[in-house]
Amino acid sequence: MFSRRKFLQVGSLGIGSFSIAGFAPKYAGKKPIVLSTWDAGIRANKAAWNVLKNNGRALDAVEQGVMVTENEQNCCVGLGANPDRDGYVTLDASIMDEFANCGSVACLERIKHPISVARKVMENTPHVMLVGQGAQQFALSQGFTLEKDGLSEGAEREYKKWLQKSEYKPGINRENKENQIAAAPARLSDGSWNHDTIGMIALDANGNLSGSCTTSGMGFKMRGRVGDSPIIGAGLFVDNEVGAVVATGQGEDIIRMGGAHTVMEFMRQGLSPEMACKKAIERLLKIKGSKAKEIQACMIAINKQGTYGGYALQKGFNYAVCYADDKNILVDSKFLI
Ligand code: SD4
């Protein structure tokens, strides 16, 4: 007898192969490979690549990669970033491995490497997410150092400027062409950061996937605000059977559309990473309607074969891709509007 279970298996195989034929991957798969958001990703990829080229685990690559960006002084990611509207720098981060283990921290203060705290949450607690004071307390218990209070020089200057009007108006994240691949991300001429986040996804030589995301969130946000980056399924998602996805842009809207998980499900149905990211961004455009012009949202993805792609709502998004010692390139993303 042709059971319902069998029918579903055959049916899903059929859809998968139809979709793959319909959306042939643009780039042949690479393994190992690492991708990260924005131009800071070039420097972060180098550290990740050192792990991957030595047969290391994707999980170690995505942690060590984004730590480079967290370490950059006067940077839009990490403790040098713009504060919230009350003057506190609060950091969000998440990490996920090939076994669907995941960990995250949100609203973490005075700790230099939130990504490593997120990994400790994943490995050393029964939980997925720790926030605020509890996250800081946990970090200290794991041997992290409490950094000094206060703002970086650049953030202090921007905060004073912001206080004059105290208006929360997040800019559209875009790349600053003049500063591309500079030693550290620089501010735009209007004083804003070009972006506040690095997201990284990797496929290692053993065919395993992992991802990480770390951010200071939106500058001058309300105290306690948390974006998409530490929310598994929104800012980051990994499914070792299918692929890895990470997001950047307006966190509230990425959460609203279940960003990274939505892209994952499109890939599971057989779409290429680029097409899956595009479909998710189209869904956001539909939700936002005419207000879509006011925001930016960007997704990058790799699949199990090492095929990669990205898509953004607006022009100006780029991502770094590395798959060899001499192949660490910045790709200008396609965009919808
Ligand atoms: C957030 N998604 O906190 C982050 C911001 C971001 O480049 O990606 N900035 O909403």
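Me: Which strand gives the most to the lining of the largest cavity?
Reply: In this predicted model, a search of the whole structure finds 2 cavities of 30 Å³ or more, and the largest has a volume of about 90 Å³. Its lining is made up of 14 residues, with Thr 197, Thr 215, Asp 228, Ser 229 and Gly 249 lying nearest the centre. The element that gives the most to this lining, with 3 residues, is strand E8 (residues 243–249).

Me: How many polar residues does the lining of the largest cavity have?
Reply: The lining of the largest cavity counts 14 residues. Sorted by class, 2 of the lining residues are nonpolar and 3 are charged, while the number of polar ones is 9.

Me: Is Met 129 buried, partly exposed or exposed?
Reply: Met 129 has its place in strand E4 (residues 129–131), and together with Val 128 and Val 131 it forms a nonpolar patch on the surface, the three having about 220 Å² of accessible area together. Buried would require under 20% relative accessible area and exposed over 50%. Because its relative accessibility is 34%, Met 129 counts as partly exposed.

Me: How many residues apart in sequence are the parts that Arg 225 and Glu 252 tie together?
Reply: Arg 225 forms a salt bridge with Glu 252, in which the closest N and O atoms are 2.8 Å apart. Arg 225 belongs to the loop between strand E6 (209–215) and strand E7 (236–239), whereas Glu 252 belongs to helix H7 (residues 251–256), so the separation of the parts tied together is 27 residues.

Me: Which helix holds Lys 288, the partner of Asp 253?
Reply: The salt bridge between Asp 253 and Lys 288 brings their closest N and O atoms to 3.0 Å. The pair links distant parts of the chain, 35 residues apart, with Asp 253 in helix H7 and Lys 288 in helix H9 (residues 273–288). Asp 253 is buried at a relative accessible area of 2%, and Lys 288 is buried as well at 19%. The helix that holds Lys 288 is H9.

Key:
Residues are numbered from 1 along each chain as its sequence is written. This is a predicted model: local features need pLDDT of at least 70, side-chain atom pairs count only at pLDDT 80 or more; totals for chains, interfaces and linings use all residues. Side-chain values use heavy atoms; hydrogens and water are left out. On a 1 Å grid over the protein atoms alone, a cavity is a set of points where a 1.4 Å probe fits but cannot get out, and a pocket is an open set with protein on both sides within 12 Å along at least five of seven lines; lining residues have an atom within 4 Å of a point. Grid points are joined across faces, edges and corners, and a volume is the space filled by probe spheres set on the points. Helices (H or I, at least four residues) and strands (E, at least two) are DSSP runs, numbered from the N terminus. Ala, Val, Leu, Ile, Met, Phe, Trp, Tyr, Cys and Pro count as nonpolar, Asp, Glu, Lys and Arg as charged, and the others, Gly among them, as polar. Patches are made of residues with over 30% relative accessible area and no salt bridge: like charges are joined within 9 Å, nonpolar side chains (Val, Leu, Ile, Met, Phe, Trp, Tyr) within 5 Å. Accessible areas come from the Shrake-Rupley method with a 1.4 Å probe; for residues, only the protein chains shown count as cover. A salt bridge is a side-chain nitrogen of Lys or Arg within 4 Å of a carboxyl oxygen of Asp or Glu. Buried means under 20% relative accessible area, exposed over 50%, partly exposed in between (1.4 Å probe, protein chains only).
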